[in-house]
Amino acid sequence: RIVVEECVTSTNTLLRQLAMEGAPEGTVLVAQEQSEGRGRMGRAFLSPRGGVYLSILLRPPMDAEHLLFLTMIAALSVTDAIRGLYGVELSIKWVNDILYDRRKLSGILTEASLDGESGSLEFAVVGIGLNCGESVFPPEIASRAASLREVTDKPISRCALCAALLDAFWPRYDAFLAQMDTAALLSDYRQRLCMLGERVEVLSARETYEGVALDVDANGALLVKRDDGSVAALRSGEISIRTP
Ligand code: ATP
């Protein structure tokens, strides 16, 4: 079931409501525009008309600790779709951004609803925002944002993009659930990850520091070697990685 809306506050917010009303796994919500598109930690994801804003409802029989892998599946699906439609290879910035020319072309926000008593996963909503229109961004993000317009001269069809995204997502999702093969997923993810071996800046609410991004471990955590030689395993969705 694919619900198409003109303008919504946030596709994730609306799909979460549908989920609470009992919408089944696989329900997809697409909007032309979001008035309150969100990134992580309540940050705004600017979502003017012309972009692709799509959320997918999942009810996977898995632990909440595996949520990070859903974000990775979505990130890989965005890169699969753009490669398939336009023949362009994009890279992924851990954990939820897809970059073109080291600028953010697409962002992913995975949100979960947990059972209040058992803490088990009731459902997850995976939201994908993809810039497709003219790349006129406000000054605060202009140097860090990219649009599909820059990636290709080919005509951009948002319908074709949504179809390609979903066609890429479901086989990856089904394969992951069938085997819970995190190693295979991480191997694909690692291949498209940028910044490995590079100096990065780690920003969290608590601290900011620099180090070298080494690898992603078996849990999907980013390993960063700090300047004092210690290695931090970054798991939290509340950490941002930047180029210093
Ligand atoms: P970063 O802050 O490095 O961009 P992040 O993954 O930590 O990445 P998110 O919370 O996932 O950030 O996304 C929100 C951020 O994305 C905003 O704070 C802003 O910097 C940037 N942003 C907002 N709208 C867009 C957009 N349409 N395209 C690209 N970047 C955007």
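**View 1. Where the domains touch.** In this predicted model, 11 residues of domain 1 are in contact with seven residues of domain 2. Contact means that two C-beta atoms, placed from the backbone, lie within 7 Å. Two elements each give two or more residues to the side of domain 1 that touches domain 2: α2 (67–86) and α6 (182–191). Helices (H or I, at least four residues) and strands (E, at least two) are DSSP runs, numbered from the N terminus. The largest share of that side comes from α6, with four residues. By type, the side has seven nonpolar, one polar and three charged residues. Here Ala, Val, Leu, Ile, Met, Phe, Trp, Tyr, Cys and Pro count as nonpolar, Asp, Glu, Lys and Arg as charged, and the others, Gly among them, as polar.

Residues are numbered from 1 along each chain as its sequence is written. Local features need pLDDT of at least 70 and side-chain atom pairs count only at pLDDT 80 or more, while totals for chains, interfaces and linings use all residues.

**View 2. The two domains.** Domain 1 spans 2–191 and domain 2 spans 199–242. These bounds come from an automatic or database domain assignment. Taken over C-alpha atoms, the centres of domain 1 and domain 2 are 23 Å apart.

**View 3. The largest nonpolar core.** This core has 65 residues. I73, A74, V78, V126 and L165 touch the most other members. A nonpolar core is a set of buried Ala, Val, Leu, Ile, Met, Phe, Trp, Tyr and Cys residues joined through C-beta atoms within 7 Å. Buried means that 20 or more other C-beta atoms lie within 10 Å of a residue's own; exposed means 12 or fewer, and partly exposed lies in between, with C-beta atoms placed from the backbone. The top contributor to the core is α2, with 12 residues. The core lies between domain 1 (2–191) and domain 2 (199–242), because both give residues to it. V126 touches S55, I56, L58, L70, A74, I108 and T110, not counting residues up to four places away in sequence.

View 4. Seven of the seven residues of β3 (residues 52–58) are buried. One face carries V52, L54, I56 and L58; the other carries Y53, S55 and L57. Both faces are covered. Strand β2 (residues 28–34) pairs antiparallel with β3 over four bridges. Strands pair if DSSP finds at least two bridges between them. V28 has I56 in β3 as its bridge partner. β3 also pairs antiparallel with β7 (residues 121–130), over seven bridges.

**View 5. Two hairpins in a row.** β4 (residues 91–93) and β5 (residues 97–100) run antiparallel, joined by three bridges. S91 has L99 in β5 as its bridge partner. The hairpin from β4 to β5 passes through three residues. Next, β5 pairs antiparallel with β6 (residues 103–114) over four bridges. Y100 has R103 in β6 as its bridge partner. Two residues lie between the strands in the hairpin of β5 and β6, and D101 there takes a positive phi near 55°.

**View 6. Around the ligand.** The ligand has 17 residues around it, and G39, R40, L46, A145 and S240 come nearest. A residue counts as near if its C-beta atom, placed from the backbone, lies within 6 Å of the molecule. β6 and β12 (240–242) each supply at least two residues of this shell. The shell divides into six nonpolar, five polar and six charged residues.
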